[in-house]
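Subject: Structure handover

Dear colleague,

The structure is pasted below for you to work from. My notes on the ligand and the pockets follow it.

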Amino acid sequence: MSLKDSEEALSEYLEQQDHLTSIATFGQHHTSVSVYSTTTVVRAPEAVVRGRWSPAVDGFAGEQLLLNHRRSGRDLGMQLGVSRYYAHDAVLSSAHADLREREDGAITLPGHRRLKTGLTSTVVARRSGRQFSGRPASLNDLATVLWHGQGITGSLPVTVQDASAAVSLRSAPSGGGLYPIRLVVLAQHVKGLAPGAYEYQPHSHTLYPLHRIPMPVDLAAHLWTADVEPGKAAFALVYVYDLYVNSQKYGDSGLVFALIEVGGISQNIHLARTALGLIACDQGGYDKQALEKTLGFDGTSRHVVHFTLVGHGEA
Ligand SMILES: Cc1cc2nc3c(=O)[nH]c(=O)nc-3n(C[C@H](O)[C@H](O)[C@H](O)COP(=O)(O)O)c2cc1C
């Protein structure tokens with residue numbers, strides 16, 4: 001049978017089997033690459049659900065992580081890591097975390113505003129907003145958002161070999177008080193702040209420029225978004241996870257704990273910006289590797305794990 005004949009025969013057959021065309025169309029609409037692309041365009045339900053692109057990839061990395069995470073609580077390694085963190089030097093390094101912050105060239109932020117809006121009404125009013133106006137935010141608004149997300153709010157006294165010290169505590173909870181998440185501000189339209197990338201330093205409540213001469217970051221080049229104009233947001237917040245800060249203690253659970261921490265920080269930030277009358281939208285579609293390169297994070301021990309746009313909405 002020639003190819004032409006077989007194509008015609010197939011078309012004829014498909015015309016009689018309506019449901020097969022629907023299955024093929026469904027498969028094509030739900031993925032650009034089928035795991036069975038070498039044999040047929042029809043995807044099995046499992047492949048559709050798992051979204052796997054290649055039969056060589058066996059399962060999700062996330063699935064593997066969760067399986068290991070469930071196990072790691074009983075791991076000797078995890079138990080040793082946890083007990084190690086009660087040693088004097090580990091406690092002292094937590095108590096002196098402020099020494100990791102850099103002073104030279106750091107920009108002091110104004111104090112945070114005390115927000116009076118009721119908690120329940122702020123929780124109800126919080127909505128993701130995507131229509132940014134491009135109107136600049138004040139430095140005070142930025143400082144208030146950052147402080148509510150990660151500011152120092154208390155201290156935990158500790159005694160180390162007869163000497164007393166204190167671990168600074170922050171507005172959002174963190175597994176073991178280790179705080180492996182750092183916030184990077186990509187300023188675009190903030191009064192009194194040159195467009196550029198800055199790391200928020202919670203202990204000194206300062207911004208540290210990531211580049212010697214602040215340079216604007218082209219947000220549109222780092223995001224895949226159809227319904228947002230990133231250039232009109234006042235600033236973006238990038239959440240960076242420093243793997244070794246908590247995985248030395250918690251093993252594989254370190255990542256899980258860090259992502260929980262991101263959620264806590266993020267909710268505080270959304271509530272604060274809502275109370276300030278700003279809109280914001282989390283962005284899942286960012287170019288992780290490109291962003292890490294632009295910001296100078298290695299993508300091995302330091303990873304971009306979340307991204308949020310914040311600014312004034314259109315009136
Ligand atoms: C991790 C995460 C990623 C998100 N990514 C996007 C995104 O890429 N684009 C977008 O428009 N909204 C994004 N959102 C916002 C959600 O679409 C939004 O929170 C959801 O529709 C619920 O609406 P609400 O926030 O107004 O309550 C994201 C939210 C989260 C938590």
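A residue is taken as near a molecule or strand if one of its heavy atoms lies within 4 Å of it. By that rule, the ligand is surrounded by Arg 126, Arg 127, Ser 128, Arg 130, Cys 281, Asp 282, Gln 283, Gly 284, Gly 285 and His 306.

This is a predicted model: local features need pLDDT of at least 70, side-chain atom pairs count only at pLDDT 80 or more, and totals for chains, interfaces and linings use all residues. Residues are numbered from 1 along each chain as its sequence is written, and side-chain values use heavy atoms, with hydrogens and water left out.

Ligand contacts
- Arg 126: an N or O atom of the side chain is 2.9 Å from a ligand oxygen.
- Arg 127: the corresponding distance is 2.8 Å.
- Ser 128: a polar side-chain atom lies 2.5 Å from a ligand oxygen.

On its own the ligand has 620 Å² of accessible area (Shrake-Rupley method, 1.4 Å probe), and the protein covers 54% of this.

Pockets
A pocket here is an open set of points on a 1 Å grid over the protein atoms alone, where a 1.4 Å probe fits, with protein on both sides within 12 Å along at least five of seven lines; lining residues have an atom within 4 Å of a point. The largest pocket holds about 600 Å³ of space. Its lining has 29 residues, with Arg 100, Arg 170, Leu 178, Tyr 179 and Val 245 nearest the centre.

The second largest pocket holds about 230 Å³. Among its 13 lining residues, Tyr 85, Ser 94, Leu 156, Val 167 and Gly 176 are the closest to the centre.

Regards

Technical notes: Grid points are joined across faces, edges and corners, and a volume is the space filled by probe spheres set on the points. A polar contact is a pair of N or O atoms within 3.5 Å; within protein, one must be able to donate a hydrogen and the other to accept it, and residues adjacent in sequence count only if both atoms are side-chain atoms.
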